[in-house]
Amino acid sequence: MSKSETYYQWARRKGVSRRDFFKFCTFMGAMLGLEATEFPKIVSALQSKPRLPVIYLNLQECTCCGESFLRSSHPLVSDLIFNMISLDYMEVLQAAAGKQAEDVRLKTMKDHPGGYILVVEGSATLGNGGVYCTIGGVSSTDILKQTAEGAAAVIAYGSCATNACVQGAHPNPTEAVPIRRVIKNKPVIDVPGCPPIAEVITGTIVHYLTYGEIPELTNQGRPKAFYEHRVHDNCVRRAFFDAGQFVESFDDAGAKQGWCLYKMGCKGPTTYNACAITEWNDGVSYPIKSGHPCIGCSENNFFDNTPFYTHLAKIPNNALGKDVDQVGMDVIGVAGLAVVAHAGMTAVVKHSEKKAKEGKD
């Protein structure tokens, strides 16, 4: 595919129908929370604009974000997404290595000054001049600064890039820092998560291609379309939280009935992400739906916060109006009283029926 070829031209040449192309545009609009009137703008941009060059750097990380990115699910096949965004450099996927790989990165920077997107997975390291993470004998932090210089925008992809994640946890021996601590002269879009949802990065890039500007961000620098609401707000187990029905252990009766996982350490009430709406693997599930509490991986310093399986000291905003540790016992108590009451009423009814029968006899 030539650099000047548009998304739509490439898709048609690969046998993608116009109908499926429109499905993709509609899906992107919905993902970004755009009104239906904005749909023609997305179509127009993808039909008329050439692919947007993307350089993807891997710094201090475990590649889980890249693995998530590979599993992006859309109305169109996943390989279309990769070719659409002209992924020019990514260590995990590229066939080239060594000098040849670095030449590709440098060529993209030279040919598209101010016209490419830089995606960064992993944290920067400041310790001992950045020696703890090097690429081709050069500090990855220096490569980051060099590559960001000509980028239109920088997307910090994953919690390592947005809050330094596990390597930034105490005592942080490499002096790992978020990308925005190093890059200050370019717009930085934070896409946190360990790993983040794959579709978020694609949607962010499509927004930039369509409007020529970064999407609206939250006060933490995250795409508002995906990080405006708490996981708790749209959780599949929210009704049980509101009813005060909590799992007390992973194998109890409440767990089998899908009760709220708050007591098991769920951080959904304090975590802002689209997990409960977008879900994972083409909308199959997300951690809480699968039976595991949210660990708050998209929030700052989550590795240094309370243990994963210890619940917060208090329910945020006093949502239930009482101590969460007492709520479960209250529910059990109410249930016990209901059983006793039901048994008592049953005995009264049976006694009345017996007396009535004896009277007839």
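**Lys267 and the charged pairs**

Reply: In this predicted model, Lys267 touches Cys294, Ile295, Gly296, Thr306, Pro307, Phe308, Thr310 and Leu312, leaving aside residues up to four places away in sequence. Lys267 sits in the loop between helix H12 (253-256) and helix H13 (275-278). Lys267 is buried but has no salt bridge; Glu299, the nearest side chain of opposite charge, is 12 Å away. A salt bridge would need a side-chain nitrogen within 4 Å of a carboxyl oxygen. The side chain of Lys267 does reach the backbone oxygen of Gly265, at 2.7 Å.

Elsewhere, the count of salt bridges comes to twelve. One of them joins Glu279 and Lys289, at 3.4 Å from N to O. Glu279 lies in the loop between H13 and helix H14 (287-290), and Lys289 lies in helix H14, so this pair ties together parts that are ten residues apart in sequence. Glu279 counts as buried at 12% relative accessibility, whereas Lys289 is partly exposed at 38%.

Arg180 forms a salt bridge with Asp190, with the closest N and O atoms 3.0 Å apart. Arg180 is in the loop between strand E8 (176-177) and strand E9 (188-191), while Asp190 is in strand E9, so here too the linked parts are ten residues apart in sequence. Asp190 is buried, with a relative accessible area of 5%, and Arg180 is partly exposed at 33%.

Glu216 and Lys224 also meet through their side chains in a salt bridge, 3.3 Å from N to O. Glu216 is exposed, at 54% relative accessible area, and Lys224 is partly exposed, at 28%.

Notes. Residues numbered from 1 in each chain as written. Predicted model: local features only at pLDDT ≥ 70, side-chain atom pairs only at ≥ 80, totals over all residues. Heavy atoms only, no water. Helix = DSSP H or I, 4+ residues; strand = E, 2+ residues; numbered from the N terminus. Buried < 20%, exposed > 50% of the residue type's maximum accessible area, 1.4 Å probe, protein only. Lys, Arg positive; Asp, Glu negative; His and termini not counted. Polar contact = N/O pair within 3.5 Å; in protein donor to acceptor, adjacent residues only side chain to side chain. Contact = heavy atoms within 4.5 Å.
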